[in-house]
Amino acid sequence: MAELRAAAAEAFAGLARVVVIEGPAGIGNSRLLTEARRIAGEHGARTLTARGSQLEKEFGFGAARQLFEALLTDPAERERLLAGAAASAGAVFDLTNEAPARGDHTFAALHGLFWLTANAAAVRPLAIVVDDLQWCDTGSLRYLAYLARRLEGLPVLVVATLRTGEQYDDDALLAELQLDPATTAVRPGPLSRAGVADLVREGLGAGAEDVFIAACHRTTSGNPLLLRQLLRALEASGVPPTAAHAGTVTAIGSRAVSSMVLFRLRRMPPASTAVARAIAVLGDGAGLATVAALAGVEDTEAALAVAALARAEVVRHEYPIGFVHPLVRDAVYQDLPPGERQLQHERAARALAGAAPEQIAAHLLQMPERGDPWVVGVLRAAAGTALHRGAPDGAAAYLRRALAEPPEPALRPAVLLQLGQVETLGDGPAAIAHLRAAYDDPAIDPVTFAAAARMLIHTLIFAGPEGNAPAFARQALARLGPGFGDERQAMPALERIAAYMYSGDAHVAGDFDARIEGDGLGDRMLAGGRAWELLSRGENLQEAVRLARFALAEGVLLDGDPGLFWVVAAVVLEDTDAGAGILWDDALTQGHTRGSLFTVLAAQLWSGWRDWRRGDLPEAVHRLRAANDQSLAWGGVPALGISYGEAYLIRALVDQRRLAEARAFLDEHLDRPRVGDGVRLVNQAHAYLLMAEGSFARALALLPAEFPPGNPQWFEERGLRAMALAGLGRTAEARALAEEDLAGLRRWGSRRGVGRGLRLAGELTGDAERLGEAVELLAGTGARLEHARALLALSRVADEPADLLREALKAVEECGALGLRAEIAAALTARGEDVPAEPPVQLTTGERRILALARGGRRRARDRPGGVPDPAGGTRHPRRHRAQTDARLTHRLRSAASSAQPRRCTVPA
């Protein structure tokens, strides 16, 4: 109780708190949840409640719907709560008929539900109370885990109960929520022997003997619910509480709950038993008419049976109809023989005809397969609803069951395609298996084939065996019938980009002989891929920019591609100083809105790359960590996609001078299997780290002595090798390589690349003219860190270096490049200037948002009567509390940035 009170006080003051009440069934978890609701009410909080259900485990965002549906009934309040970013949660509540543009709405739902929570808490503190967390649907668990990581600053308390001692389907998600830093576990213990004695004497008489009491304690292990049921069973059987009847306690208590429930049912009329079984099959919340239909009785008779069951404490007295405790439902449900259970679920599905597809599908999952087209149709409709709400796990479960029914042969390819599309969101190998089955099915129609082929090849690139994607693209192109011009453009684009990614060779795809004739998605893919080839080969910068701009124009590529061709086109624009503008932010927003995890991780990864290249190191590290976690959550093969994020993260950490962290991260992931571009990029990052550690010989061994033809702006091995040689004192060799590097960069012509090459060559030769040119070129590119390096190098050969050093210091402090700052600070200090020992704290965009939310939450708290409640009692002074909490939040954020290891996230950050 003390923990609940403290958690409520801190949470409603804007400090993140999640409480998970853990324990075995009957220990009192739900009773403590009632107390949590009461405590929240004392703080003036609005309480939202939900309860997990075994039957509704696949019901998309079922628990989240329970939490918020009542709030959304009023049109004016619904408009306020679903305003702004919360609008994407509308699909969860079936408030929009808009179909997903691509993929599912998982990320849109999570993002929207978070902002729905924030909007609800903007007016009044919020308590989210969930009973039986272990039976909540996967989507709702993802929402709670997503929310837990973002609670700081919101006046929101989350309290949930979790039954322990069993294994659950979503154990990983439950563990993520339990292990979150904001989560506190409350574990109610069993009754002591003295506590059992009090209750036995209260229930069976003050003369209860010690041996009898000991038997009650031993039989129930002090579990309050089991003890209560045991005492009622003993009282109903007329067992006296004496030592002589201690053996009877053990006999009755072995099945204290189930035996008592079944004993009561057998003493009731057959209609009551039939109604109890119907409620057990239908689950909590079924309507009386449906219960009556399944039980085979009239509505009036069913109503009388429900009343009798309530008097016997089998079902609740209040509406909706449900059992008093999950253990009671289990006892009734398990009393049904397995075959009878399946038939009852089939009857339930028929009785619910006309209800929401997911309600019917919950029972279809439990019934025997019969090859019934109606079953397949309902399951596919339920899958579509689940996908639209952002619950792909439920959608996949429905579609797998539809395949098992099975569907009619002509419909099978469409069901396989639908299932494969769902699985591309989180299980690459499973998606490939089902998409390949659709692709190979002789009954597939041309339109379904074209869709399956494109999706299959894209998934093969990131989650398939090495080399398969290009071969499939060629096969698919050969099989495409007339009238699929857009797909005919897409297949060569997929084939060529896959060939490059698996080889890392700029020329592996051979000559480009395709013609870009239209402006459809396939043409844009082909243009983006061609722009990338020109960059990687270092040929025709102007044509590369033109093609990249065409590829990205009008949003066609961003709308139709999950995160491959719009990425390479945007990278071309960034690397040629043309800039991709707000594309990265648009892509991130689009990924959230459409619910595409792949789009979100692609936007995070490559905007992190951009931030690193520009010198915004804290933001780069933040984004790259998120992208790496999301890559693992997506389920793609780490050998390809995640190698980019890991390589760029290591280099950004080195530039921040967080060498120990970079080393620990690399050592943890060094043995990961890699292919193509991933091998090269991780080797580059490893060599970069080794040079920062002073191991120039080891770095040199990782870098090739022969360089394949390609653009040195992308293939940086020559420049890195020059740095390693210089570190070993082999200056002549280093200068020769730097000159070759600069010549290649000049041929390509990017200001950023030429500036980098001039800086390296000028640094190795002490050429002030080249270094001055590098400073001038880099000043207009936004590459602040590289510009600062050029300023520092120029200051070492300039007659008046002070201004250069001050400009460089300002730039590296904005970048968060601590190692370079130390060099510049030392140079200024040597000239007699006073430089602070520590740079000002630079927060990432995400960290600044947390502080803003925290301040907003505290402003709302100050507006409430009594100011901000203090967990220790009393009220804090608002201004002092704000300063203290800002300091505490900033300390937490900086500590996390400097020491926390990345965690695998089930729902992306």
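Modeller: Two residues are in contact when heavy atoms of theirs lie within 4.5 Å. Helices are DSSP runs (H or I, at least four residues), numbered from the N terminus, whereas strands are E runs of at least two. The model is predicted, so to speak of local features pLDDT of at least 70 is needed and side-chain atom pairs count only at pLDDT 80 or more, while totals for chains, interfaces and linings use all residues. Residues are numbered from 1 along each chain as its sequence is written, and side-chain values use heavy atoms, with hydrogens and water left out.

Biologist: Which residues of H42 and H43 meet?

Modeller: From H42, Ala 802, Leu 805, Arg 806, Ala 808, Leu 809, Val 812 and Glu 813 take part. Their counterparts in H43 are Leu 820, Arg 821, Ile 824, Ala 827 and Leu 828.

Biologist: At what angle do helix H42 and helix H43 pack?

Modeller: Axes are lines fitted to C-alpha atoms, for helices over the stretch in contact, and angles between N-to-C directions run from 0 to 180 degrees. Helix H42 (residues 802-815) and helix H43 (residues 818-830) pack at about 150°, and their axes are 9 Å apart. Angles under 35 degrees count as roughly parallel, over 145 as roughly antiparallel, 65 to 115 as roughly perpendicular and the rest as oblique. H42 and H43 are therefore roughly antiparallel.

Biologist: Is the crossing of H42 and H43 left-handed or right-handed?

Modeller: A crossing is left-handed if the near helix is turned anticlockwise from the far one by less than a right angle, and right-handed if clockwise. H42 passes H43 in a left-handed crossing.

Biologist: How do helix H33 and helix H34 cross?

Modeller: The axes of helix H33 (residues 641-655) and helix H34 (residues 659-669) come within 8 Å, crossing at roughly 160°. H33 and H34 are therefore roughly antiparallel, and H33 passes H34 in a left-handed crossing. The contact involves Glu 646, Leu 649, Ile 650, Leu 653 and Val 654 of H33, together with Leu 659, Glu 661, Ala 662, Phe 665, Leu 666 and His 669 of H34.

Biologist: How many salt bridges does a search of the whole structure find?

Modeller: A salt bridge places a side-chain nitrogen of Lys or Arg within 4 Å of a carboxyl oxygen of Asp or Glu. The search finds 68 of them. One joins Glu 35 to Arg 38 at 2.8 Å, N to O. Both residues belong to helix H2 (residues 29-42) and are 3 residues apart, about one turn of the helix.

Biologist: Which salt bridge links distant parts of the chain?

Modeller: Glu 554 pairs with Arg 524, with 3.0 Å between the closest N and O atoms. Glu 554 sits in the loop between helix H27 (541-552) and helix H28 (556-560), and Arg 524 in helix H26 (residues 521-537), 30 residues apart.

Biologist: Is Glu 554 buried or exposed?

Modeller: Buried means under 20% relative accessible area, exposed over 50%, and partly exposed in between (1.4 Å probe, protein chains only). Glu 554 is exposed because its relative accessible area is 67%, whereas Arg 524, at 2%, is buried.

Biologist: Where do Arg 756 and Asp 741 lie?

Modeller: Arg 756 and Asp 741 form a salt bridge whose closest N and O atoms are 3.9 Å apart. Arg 756 lies in helix H39 (residues 751-765) and Asp 741 in helix H38 (residues 731-748), so the bridge ties together parts 15 residues apart in sequence. Both residues are buried.
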